[in-house]
Structures are given as structure tokens and as C-alpha cells.
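Here is a short briefing for a reader who is meeting this structure for the first time.

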Amino acid sequence: MESFVANKVDEYRAGRISRRQLIETLTVAAATAYTAEGAKAAAADPTLKIALVNHISYTCPDFKQAADWYSRVFNLDQIGASKTDVALPFGKKGEKPYGVTANDVPLTHLIIRTRDLDARAQNGREARRQPRALINHIAYTIADWDSNRVRSELKRLGYANPEVDGPYSFHVVDVNGYDVQISGIGMTALAG
Amino acid sequence: MENFIAGLVSQLDNGVIDRRQFCEAVSVAAVVYAAGADAANAAPAQGFKPIAINHISYACGDYRKARDFYSSVFGMTPVPQADNGREARLMFGPPPGQGGSFLIPRNGNTTPRAKAVVDHICYTISNWDEAKIRTALKEKGLGDPTGRPGSLHVYDPFDYDVQIANAVEETAFRR
């Protein structure tokens with residue numbers, strides 16, 4: 001997209017297209033560029049193609065305390081609590097995930113747990129391997145991004161000086177010191 | 001959108017922004033436009049309303065291995081201009097700016113600093129076909145997955161637990 005815009009700017013500056021033509025061309029391009037990109041991606045082999053994050057499994061010393069933090073900050077309901085875990089879906093039962101049209105893609109949810117990740121093999125299951133990778137933060141897209149409102153709300157939640165990460169993001173740490181990024185929808189893989 | 005771009009052209013003409021700033025602003029505007037208007041009216045009175053996972057930051061010893069694994073096995077789409085030799089961006093799900101997500105494999109420290117850890121991510125696969133999925137996993141060199149029908153676990157090249165599932169076996173409301 002950026003190289004296309006750059007070419008049009010050069011044409012405009014060289015007098016090959018008018019100001020009106022520049023505006024019209026960029027308006028149409030901006031409105032269609034990423035829809036076309038999405039359609040192209042959807043054409044790939046679908047057998048193992050990921051549709052969405054189903055859930056994030058978050059393990060910590062006190063799952064109730066962490067779940068309360070995520071409920072308070074993100075307005076998430078707590079569903080199906082057991083002695084060791086609870087689920088926090090991004091919406092209500094029957095709702096579709098944002099931007100998803102398929103009927104077999106459920107709402108993303110967090111599963112917040114307390115468990116021993118180093119437990120030995122049991123019940124026929126092999127022991128968990130020790131990962132050599134780390135998910136060091138998760139970024140959440142929130143509705144209705146407004147930097148000033150987000151900053152003010154973070155302050156109310158006890159984060160007076162959240163780390164700014166570009167025009168569409170702040171970082172805070174949760175109750176376990178885990179890095180949580182709060183982003184607007186303008187923060188994408190292509191920009192932001 | 002047209003008024004917004006016309007305003008940017010005026011700023012470009014008047015030297016308020018340079019060529020690079022102009023190009024970036026139009027690109028970002030395109031992404032935000034693609035998000036549609038409905039996302040703009042849903043904020044709760046207090047706190048925030050998450051509508052999607054924006055991105056997952058994945059630190060490992062060699063981001064290229066992770067990049068190649070997640071793109072070749074699970075169909076995530078690399079963004080060529082975002083690959084800087086230390087990290088990459090892989091898109092999946094809805095289009096960018098419309099609820100889409102991305103994974104950022106990056107070279108980095110893998111020692112947890114927090115008291116919590118994200119021990120696995122589960123991804124939904126639409127139009128789940130158990131036999132085809134198991135065959136495809138084998139063809140990709142991932143062998144027999146653990147788990148149960150409709151909800152399978154494999155390991156990525158850094159022994160990170162990756163779960164794939166359908167909507168029947170893995171939904172918050174099934175609990």
C-alpha cells in the first residue's frame with residue numbers, strides 16, 4: 001500500500017495527475033486494499049489454516065486473583081470455574097467473534113489456571129516438554145480506541161504512567177507482572 | 001475518507017507533512033477504514049472491551065524457524081516488509097484492521113520474568129476434518145498429535161505446545 005501511495009505522490013508532484021485524481025485514486029485504494037488482501041489469504045489450503053485464536057492458556061500461582069484482574073480491566077465474564085481454572089470469553093454466548101463470518105469459529109477466550117506445568121506424565125499422557133520459546137506478551141485489540149480515554153481509564157485502574165508503544169498501544173503489567181498490551185484496531189501487522 | 005485524504009494532500013502541499021508521513025498516514029487510514037464503523041461505538045463505561053487478540057509476541061532463539069513453521073504448517077501470512085532480520089509478522093484470521101491477528105516470532109530472551117506464563121495457545125480451525133488434519137500433520141512431519149478428536153496438541157520447533165481445535169470441542173461455553 002505504501003509503495004503505491006508513494007508512486008501516486010510522485011506522479012502528482014510531476015504533474016502527471018491532478019490533485020483531484022490523486023485524492024480519488026487514494027480514496028478508492030484505501031477502501032479496497034485490505035479487503036483484497038484478506039480474500040487472497042483465504043484462498044490458501046484450508047486444512048490446517050488457522051481461523052482465529054481459540055484460547056490463551058495462562059498459568060499462574062493464583063488463578064482467581066488473575067481472573068479478577070482480567071475481568072476488571074477487560075469487562076470479561078468468568079465461566080465454568082473449577083478448583084483450578086476458569087474461562088473468560090470475549091463476549092456473550094451466541095455472539096460471533098469480531099470480523100468472523102464463519103459459523104464454526106467460537107469466541108476467543110482466556111483460560112486462567114493454577115497448575116503444575118512440570119507434573120510428571122500421568123493418565124497415559126506424556127509429560128510436557130520444556131519449551132525453548134516464550135510468549136512474552138499478548139496484545140488485545142479493544143473497541144473504540146481513543147488514546148486519551150484509554151490513558152485516563154488506565155490511570156483510574158492504577159496505571160498512572162503506562163508505557164506508550166506507538167499511536168495505538170499502551171503496555172501495562174497484570175497482577176502477576178505479565179506484560180499486557182492494550183491496542184486499538186489501527187495497530188495491525190501492516191501498520192501501527 | 002475522501003475528506004481525510006484531501007486534508008492530507010493539503011498538508012503535503014503546504015509542507016506541514018513530508019512525503020513519507022503522507023504515505024504512512026494514508027496506509028494507516030486504509031487499515032482503520034477497513035475496520036468499519038461499528039467498532040467505534042462499543043466501549044464500556046469502565047475498563048475496556050476486547051474484540052480480538054491483536055498479536056502474540058513469541059520470543060525464541062531463531063525467529064526464522066518459527067516464522068517458517070507457522071507460515072508453512074498453519075497458513076499464517078508473512079508480511080515481507082515487517083521482516084527485519086530479528087523478527088517477523090505473520091497474519092491470520094480476519095483481515096488486518098477488521099479483527100485480524102498476527103504472531104510476532106522474534107529473537108529474544110526466553111526466561112520468564114513474570115509469575116505467570118502463557119503455556120499454550122489454542123487456535124481454531126474452521127471446517128474441521130479430523131482425518132484430513134491428522135494426515136496433514138503427518139505430512140508436515142509432526143507425527144501423531146496428542147489430545148482428543150477435535151482438539152489436538154503438537155509441538156513447534158521450540159517445543160512450544162500448540163493446540164488446534166474445532167468449535168465443538170473447544171469453546172468457553174462448553175465448560
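Of the 80 residues in the largest nonpolar core, those that touch the most other members are A:Tyr58, A:Ile112 and B:Tyr58. Such a core is a set of buried Ala, Val, Leu, Ile, Met, Phe, Trp, Tyr and Cys residues joined through C-beta atoms within 7 Å, and a residue is buried if 20 or more other C-beta atoms, placed from the backbone, lie within 10 Å of its own. This is a predicted model, in which local features need pLDDT of at least 70 and side-chain atom pairs count only at pLDDT 80 or more, while totals for chains, interfaces and linings use all residues. Residues are numbered from 1 along each chain as its sequence is written, and chains are lettered from A in the order in which they are written.

- A second, separate core has 15 residues, including A:Ile23 and B:Val9.

**Contact between the chains**
- Chain A brings 92 residues to the contact and chain B brings 96 residues, where two residues are in contact if their C-beta atoms, placed from the backbone, lie within 7 Å.
- On the side of chain A that touches chain B, α2(A) gives the most, with 13 residues.

**Strand pairing**
- β4(A) and β1 (residues 50-60) of chain B run antiparallel and are joined by eight bridges, and two strands pair if DSSP finds at least two bridges between them.
- The bridge partner of A:His137 in β1(B) is B:Ser57.

Terms used:
Helices (H or I, at least four residues) and strands (E, at least two) are DSSP runs, numbered from the N terminus. A residue is buried if 20 or more other C-beta atoms lie within 10 Å of its own, exposed if 12 or fewer, and partly exposed in between; C-beta atoms are placed from the backbone.
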